Amino acid sequence: MSDAFVPVAALSDLAPGEAIDVVAGGIEIALVRDEDGGVHALEDLCSHDEIALSDGDVEGCTIECWKHGSQFDLVTGRPLQLPAVLPVRVFPVRIDESSGEILVDPSAAPAT
């Protein structure tokens, strides 16, 4: 496992069904908590149009870009709804149970 995990937010800062923007390793990341409470980190840029995904709507295990309606899988980054056809990068997430911090490894995701 990589040692490049960096704290980006507190778990209490992110309600289920919510997305926020954070920066880790100089990369803008959409930090998303799905409706079941799982935490995911994706590149905060729709692959169709340069729109922040963190401003989108979370439903189940997807996030929808507010501008054109592209939906992305929170686990794989794959587009599930046009007009996007390219995936967005996803980053490993770890929760520090003792502190409640959310940590992301920005070095682990290859460039798309």
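The legends below describe an overall view and several close-up views of a predicted model.

Local features are given only where pLDDT is at least 70 and side-chain atom pairs only at pLDDT 80 or more, while totals for chains, interfaces and linings use all residues. Residues are numbered from 1 along each chain as its sequence is written, and side-chain values use heavy atoms, with hydrogens and water left out.

View 1. Helices (H or I, at least four residues) and strands (E, at least two) are DSSP runs, numbered from the N terminus. Along the principal axes, the C-alpha trace spans about 40 × 25 × 20 Å. Of the 112 residues, 41% count as buried; buried means under 20% relative accessible area, exposed over 50%, and partly exposed in between (1.4 Å probe, protein chains only). The accessible surface comes to about 5,800 Å², and 48% of this surface belongs to carbon and sulfur atoms. These areas come from the Shrake-Rupley method with a 1.4 Å probe; for residues, only the protein chains shown count as cover.

**View 2. Strands β2 and β3 form a hairpin with two residues between them.** Strand β2 (residues 18-24) runs antiparallel to strand β3 (residues 27-33), and seven bridges join them. Two strands pair if DSSP finds at least two bridges between them. I20 has L31 in β3 as its bridge partner. In the hairpin, G25 takes a positive phi near 60°.

**View 3. Four strands make an open sheet in the order β5-β6-β7-β8, with antiparallel pairing.** β5 and β8 (79-81) stand at the edges with a single partner strand each, so one side of each is left without a neighbour in the sheet. Neighbouring strands of this sheet are turned by 30° against each other on average, direction ignored. The axes are lines fitted to C-alpha atoms, for helices over the stretch in contact, and angles run from 0 to 180 degrees between N-to-C directions. Within the sheet, β6 (residues 62-64) and β7 (residues 71-73) pair over three bridges. E64 stands opposite Q71 in β7.

**View 4. S54 sits in the loop between β4 (39-43) and β5 (57-59).** S54 is buried, with a relative accessible area of 9%. Not counting residues up to four places away in sequence, S54 touches A19, I20, D21, A30 and D44; contact means heavy atoms within 4.5 Å.

**View 5. R89 and E43 meet through their side chains in a salt bridge (3.6 Å, N to O).** R89 lies in the loop between β8 and β9 (90-91) and E43 in strand β4, so the pair ties together parts that are 46 residues apart in sequence. Both R89 and E43 are buried. A salt bridge is a side-chain nitrogen of Lys or Arg within 4 Å of a carboxyl oxygen of Asp or Glu. The structure holds two salt bridges.

**View 6. K67 and D49 also meet through their side chains in a salt bridge (3.6 Å, N to O).** K67 lies in the loop between β6 and β7 and D49 in the loop between β4 and β5, so the pair ties together parts that are 18 residues apart in sequence. K67 counts as partly exposed, at 42% relative accessibility, and D49 counts as partly exposed at 26%.
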